[in-house]
Amino acid sequence: MALLEATGISKRFGGIEALSELSLFVDAGDAVGLVGPNGAGKTTLFNCLLGLLRPDTGRVIFDGRDLGGMPIHRRARFGIGRTFQRMELFTEMTGREHLLVAERARRRDGALWKDLLNRGGPSADEIGRVDATLDLLGITDVADLPVEALSMGHGRLVELGRALMTEPKLLLLDEPSSGLDRTESLALSGVLARVQDERTTAILLVEHDLDMVLRSVSRLYVLDFGVLIADGPTAQVMADAGVRRAYLGQAV
Amino acid sequence: MSRFITFAVFGLSYGCVYSLAATGLVLTFRTSGVFNMAFGAQAYGSAAVYYAAVKESHWNRWAGLLLAVVVVGPLLGFALDRVLFRHIRTAPQVVKLITALGLLVGIPSVAQFFFGTDNKPNPPDAFWSSHTFYRFLGSRIDGNQLSIIVTAVAVVVALGLFLRFTSIGLQMRAVVESPRMVQLAGINADRVGTTAWVLSGLIAGLAGVLLAPTHTALVDRDFTLLLVAAMAAAAFGRLISLPLTLLGGLAVGVGQEVLAGYLPLNSVWAKGLRPSFPFLVLVGLLLFLPGLRQRRDTTDPLAACDPPTPALAASHGDPRLRRINRVTALVGIPAIVFLPMLAYHHTWLNVMTLGVVFSTIMLSITALTGLSGQISLCQFSLAGVGAFTAGQLATRYDLSVLWGILIGAAVAAAVGALISLPALRLGGVYLALATLAFALMADNFLFPLHWVGGGQSGVQIPKPVGFSGEWAFFFLSVVVLAICGGIVVLVRKGTTGQYLAALRGSETAAATIGISPARAKFTVFAVSAGIAGAGGALYGSSVTSVNSDQFNFFLSLAFMVLVLTTGVRTVEGAVNAGIAFAVIPFLLDKYASNFNVLVFALFAYGSLTYAKHPEGIVEFQKRRSLAAITRWLDRKQVAPT
């Protein structure tokens, strides 16, 4: 059975049908891409999967559970992590603190009385796990800078690290390469590959940079005006004439 | 039925003032995104000028109106725009709220500085005399009520036409979306904003002089109530629609008078419910109009042109500084506490005790606002809950205040938790309004109840056995303060504090790693309310008797503004604020009693700088001077080589 299974998702904004009867699935450990022109409904779909928006129709089943109506933080606890198109970092915190707070959130042992007995500090185990992830992402040397001081590329890696600390079974990445230069985005692909190797996390990647998509995923969905127009193994989808017309604007 | 009509017509005139004020609010909200909490204060300013001109300097009534409404009102609006609001148009809502709050607290005290704090009976009528009566819808109304109705209708119609049919009206609607975009289209956004503020100032002036004669004396508090009613009306119009706003204002005015008319005269219900009615309407609207709650802050598409907001200055961990700090703390603090005793004897010790007690109450603001960034305007009312709990326990069960502090804290925490449940759905400006509603309810309704506030005589809170001496009580207060301060520090360092820091940064992102925003805020709200309750019980014991007047809502506003001035992120900030709140009035009283009314203006000044220095202006200056000392130390070390 698929890890994530969304069936018949529709969402309207006023008179605009942002998503219509959309279905997709992601298997455990899989890397799936979701592409489409601007305004195709990719981010809307993400927000529906994550609970930021409530779809008008359709069901989202994750790991055998129906997520309908569940608030964001509970979905996160079941194992959905995400990064944002417009970075959402915790200002005034360092990269390391981002990871530490995510680690603490995963353990969910933040009772108030522990704070009051001064047992709230990070344990050696927590520090160790954070260090390991910083190392995996290759941002150990900038981990103690406040996030305002980080480059876009490092900022995206901190977001990724924060999501990874919750040990997600599925990672939703919303245009992780936007705003990155070519070297940074190559480095990001490398990190994603390493993450998949070491942690067997499934990935659903929304991305404009087709090179990055082709490097990172094995299966592809193409969305246009809220409708899926193609899906299948990456190479096969890329050869599809309709996709080329809709997405690449190429005469065939 | 005829009784109903009488009340309704009576309420109609109030409703018209509310509508008038609400249009002023909507106007500035639409052009600068500021929920202008200072509107009531602006109205009070004009009313005070009019009073001074006509009643005290015996000017001609029309000359007075010209000065108060046409000159002072718009001028005040102009100044507010130029000096403050123009610069924070794209700032977060909370910053705008705090700036406006500072004005709400500061303007009346500046007005009182110029026009005196004495009782101002019988404010003069604006247009028609309130001693002549007219027939209106089969009921008798006086000339002032007629003035109100006529003016309100005229202004609202004129304003509607202005917004609809002039190009500047259209520009006003564009400016709120993105001032810079509008400027790129060749429109002077600043000019548009200024127009709105000047107009709104004019309306505030009108509302002020019209509302004043409906009360027996000119009191600034009545104008805060005007503000609240206007906010309810504006909320009814979803902060956009002028016709709905008008309707909302009328409904609040009529509803309030009809309700008051049918309730038994002079009961707590009638006395408390009438002023609270606009608040109840406002809270109801906030809770049940989802569209209002989900209004997003306007995000300027060109906001990224600005440099990112500077990070809060990091605290200086220089070891030499720490040594100097320790020495100054060891020498300085006792010096501040004890040296003035040579001059003032035990009065000074009492002032210091009061300062420590206030610090404890203010710590509750550090806990809530400093950790979660939420603005609550009912912290002093929660202190009241603690004080009355301790008082009733002492009176009825002869329990010591030491128990009173603990139980009072627990009760206040429970009340705070209860308030936070609906309030958490709101957040930001709306949370501030909802908590203000609670403060006013407590003030008018809860505390006057006999089993809470002990009625006219209040409740006695004797000092605990063994702590009746001044010194002993002083040290008891210090211990309570230290415990509460310790709690704040531990919570901040611990998981809850980390969660809250994450939520401050990005609520959505925090939720995506599994942090429950509601739970974290609920926790901190309860902790903060508990600290306020403990401080309140201690306060009650230090003054030995408390009644309902002592916990009026204005002090909650003043405390918030004060702590934001000195620094809301640190425990020292709260202590500085508490001591200042005890010492400055004491010294002013002794040496410069003329300036006594300016205390609040002084504190309010700090909140006006909040946009630039969210860590508090005092905290900012402290860090700056610490940095200067470090540099000086560095130079001295380098010099010999």
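This is a predicted model: local features need pLDDT of at least 70, side-chain atom pairs count only at pLDDT 80 or more; totals for chains, interfaces and linings use all residues.

Tutor: Let us begin with a pair of residues: Leu223(A) has Leu228(A), in strand 10 of chain A, as its bridge partner. Two strands are taken to pair if DSSP finds at least two bridges between them, and helices (H or I, at least four residues) and strands (E, at least two) are DSSP runs numbered from the N terminus. Here strand 9 (residues 219–224) of chain A runs antiparallel to strand 10 of chain A, and 6 bridges join them.

Student: In what order do the 6 strands of the open sheet in chain A stand?

Tutor: The order is 6-7-8-3-9-10, with mixed pairing. Strand 6 and strand 10 (227–233) of chain A each have a single partner strand, so one side of each lacks a neighbour in the sheet. From one strand to the next the twist averages 15 degrees; axes are lines fitted to C-alpha atoms, for helices over the stretch in contact, and angles run from 0 to 180 degrees between N-to-C directions.

Student: Which helix lies across strand 6 and strand 7 of chain A?

Tutor: Helix 6 (residues 152–165) of chain A does, running at about 160 degrees to strand 7 (170–174) of chain A. Contact means heavy atoms within 4.5 Å.

Student: What is the strand order in the open sheet of 4 strands?

Tutor: In chain A that order is 2-1-4-5, and the pairing is antiparallel. Strand 2 (16–26) and strand 5 (65–66) of chain A are the edge strands, each pairing on one side only. Strand 1 (residues 4–13) and strand 4 (residues 57–62) of chain A are joined antiparallel over 5 bridges; Leu4(A) has Phe62(A) as its partner in strand 4, and Ser10(A) has Thr57(A). Phe62(A) also stands opposite Arg65(A) in strand 5 of chain A. The hairpin of strands 4 and 5 of chain A has 2 residues between the strands, and Asp63(A) takes a positive phi near 55 degrees there.

Student: How should I read the interface between the chains?

Tutor: The size of an interface is often given as the accessible area lost when the parts come together. Buried area is that loss (1.4 Å probe), summed over both parts. Between chain A and chain B it is about 2,400 Å², with carbon and sulfur atoms giving 65%. Of the area that chain A buries against chain B, Phe90(A), Glu92(A) and Asp115(A) supply 21%, more than any other three residues. The contact takes 28 residues from chain A and 29 residues from chain B.

Student: How many salt bridges are there between chain A and chain B?

Tutor: Side chains of opposite charge can pair when their charged atoms come close. A salt bridge is a side-chain nitrogen of Lys or Arg within 4 Å of a carboxyl oxygen of Asp or Glu. The count between chain A and chain B is 2, and one salt bridge joins Glu92(A) to Arg504(B) (3.4 Å, N to O). Over all chains the count comes to 20 salt bridges. Within chain A, Arg106(A) forms one with Glu103(A), their closest N and O atoms being 3.0 Å apart. Both residues lie in helix 3 of chain A, 3 residues apart, about one turn of the helix.

Definitions and conventions: Residues are numbered from 1 along each chain as its sequence is written. Chains are lettered from A and ligands numbered from 1 in the order in which they are written. Side-chain values use heavy atoms; hydrogens and water are left out. Buried area is the accessible area (1.4 Å probe) that two parts lose on being put together, summed over both.
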